[in-house]
Every structure is written in structure tokens, then in C-alpha cells.
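This report covers charged and aromatic side-chain contacts. Please look over the sequence and the structure before reading on.

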Amino acid sequence: MKTGRIIVALDFSEVSNALSLVKQLSPDSCALKVGKELFLCGGPRLVEDLANKGYRVFLDLKFHDIPNTVSKACINASRMGVWMLNVHALGGLEMLKAARDAIPKDRPDSPLLLAVTILTSMDDSDLEEIGIEKKIPYMVKKLSSFAKASGFDGVVCSAREAGQIAHDYGNSLIRVTPGIRLDGDSKDEQKRVMTPTEAVRNGASYLVMGRSITQSRNPMAIIDKINTDLLAVDNC
Ligand code: C5P
């Protein structure tokens, strides 16, 4: 059954490289994320192909535009048979509500709608640089409240903030967390990272994992090991 918490970020610039990784994976063990890099070469056709292979597909295009444009983009995205899609909460309440209206919550084929809070590559000094003087926990709390008020299914946040959101909203707002690293991995440009077990213990519902899996010699072995470790956390 497709219940795993891992979402593999297919951050590739060529469709053939993405597909050769996908060939090594199984839809029972993980979901897949298609972001801007891959979508701009594979397009809707690739997204549909992955969904037809039985994968849950998270279309990570992080829409942020005027409400009308975001609404239309959400409608087109939902036609690809995706499982999740997202918009930036920083687009504001009116934009979030337009996205929600475009994807009715009560339709069985509607994708889960997520709001990106603050990117995991940003820290307080990055916010300050763009004129936001509030700290990350404040901003994430505020933006999560926008997601909840707009009827979203969940948020994208760092695992560090997932616990507070789980505490505030429980299962009514799922927490999808990038910035996951295995012990010993490089952090790359991510600034707010956690390991898979730490993240789930801290309230993450799903883990977005890119380079820790895609750059490894045996991606499926890593996924199996993480799934086993997470089963132990879930059974605690
Ligand atoms: O390789 P790594 O595990 O850092 O990949 C993280 C993935 O999660 C990338 O595809 C990135 O676009 C995405 N992401 C993120 N931070 C967010 C939302 C999505 O890093 N807030």
C-alpha cells in the first residue's frame, strides 16, 4: 500500500536521469516530487506518466502570483492527476482562498493543497535582508494560520517548526518537511535540517528528500532503511 512518508525529490534537469532513478524505486515505498527543474523539461506528460506508473506525485511548483492566475494554474495542475500541489503562503490570504476555491476540498480527485511557509533554505538573517523583521517561528505560525483559515490540507515547513503546527492544528493540517538529511550528509544550502526520525518525532507527516537519496549509490536501500526506522518511531 502507498502509505510511506518519504517523498523523493526528482531534482533532475533531464527526464532520462529522472526515469532511470524512478526505475529503481517502487510506488509502495515512496512518493515522488516534481519541481520546477524537472517540470520545465518533462512537462505535464511526465507528471502524468509517473502517476500512471502508480506513484503519488507531489507537483512542487510553488505558485505565487495574483489570485486569478494562481487559481487557473491550480486547475490545470489538478488535471495532471497529482496527489499534492503547493502555493506560497506569502502570496497572502486572498491568493490562498483563490487556490482553495479552484480545488474543491470535497471532490475525491482533488489533490491535497499545501501552503509553503518559509523555505528551509532561509534563516532569520535572510528574512531580515528582505525586510521581514519577525523571526522564523513567528512567520511560520502566522502563515500556517493563513493555510488553516483558507481550508488548506497542509503546509510545507521545516521539521523544526512541524511540532508547533502539529500542536496547533493536529491532523487537520499535514506537515510536509524538506531539509531532511541523514547523519553525516552535507547540509548543502539547507539551513534548517533534521534527520528522518527526528523530523517524524517532531511532527512531520511526510519527508521530502532529494540529494540524500538521489545522489546515493543505492537509493532503494536508503529508502527501505528509513521506512524501517520510521515504522519503529510510529510504533512507539
Ligand atoms: O536535496 P534536498 O533534500 O535539499 O531537496 C529538497 C527539495 O525540497 C528540493 O526539491 C526543494 O525545491 C524542495 N523544497 C525545499 N524547501 C521548501 C520547499 C521545497 O527545500 N520549503
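Arginine 56 lies over the face of tryptophan 83, at 4.8 Å from the ring centre. A charge counts as over a ring if NZ of Lys or CZ of Arg is within 6 Å of the ring centre and within 35 degrees of the ring normal. Lysine 134 also meets this definition: its charged end sits over the ring of tyrosine 138, 4.8 Å from the centre.

The model is predicted; local features need pLDDT of at least 70, side-chain atom pairs count only at pLDDT 80 or more, and totals for chains, interfaces and linings use all residues. Residues are numbered from 1 along each chain as its sequence is written, and side-chain values use heavy atoms, with hydrogens and water left out.

**Aromatic pair**

The structure holds 1 aromatic pair (Phe, Tyr or Trp rings, the six-membered one for Trp, with centres within 6.5 Å; planes under 30 degrees apart are stacked, over 60 edge-to-face, the rest tilted). Tryptophan 83 and tyrosine 206 form it, edge-to-face, with 5.2 Å centre to centre and 85° between the planes. The two residues are 123 apart in the chain. Tryptophan 83 is in the loop between helix 3 (67–78) and strand 4 (84–88), and tyrosine 206 is in strand 8 (residues 206–209). Helices (H or I, at least four residues) and strands (E, at least two) are DSSP runs, numbered from the N terminus. Tryptophan 83 is buried, at 17% relative accessibility. Tyrosine 206 is buried too, at 18%. Buried means under 20% relative accessible area, exposed over 50%, partly exposed in between (1.4 Å probe, protein chains only).

**Salt bridges**

How many salt bridges does a search of the whole structure find? It finds 10. The criterion is a side-chain nitrogen of Lys or Arg within 4 Å of a carboxyl oxygen of Asp or Glu.

| Arginine 181 | Aspartate 188 | 3.0 Å |

Arginine 211 is in helix 9 (residues 211–214), 23 residues from aspartate 188, which is in the loop between strand 7 (174–177) and helix 8 (196–201). Arginine 181 is buried at 6%. Aspartate 188 is partly exposed at 40%, and arginine 211 is partly exposed at 33%.

Aspartate 229 and lysine 225 both lie in helix 10 (residues 219–234), 4 residues apart, about one turn of the helix. Aspartate 229 is partly exposed, at 29% relative accessibility.
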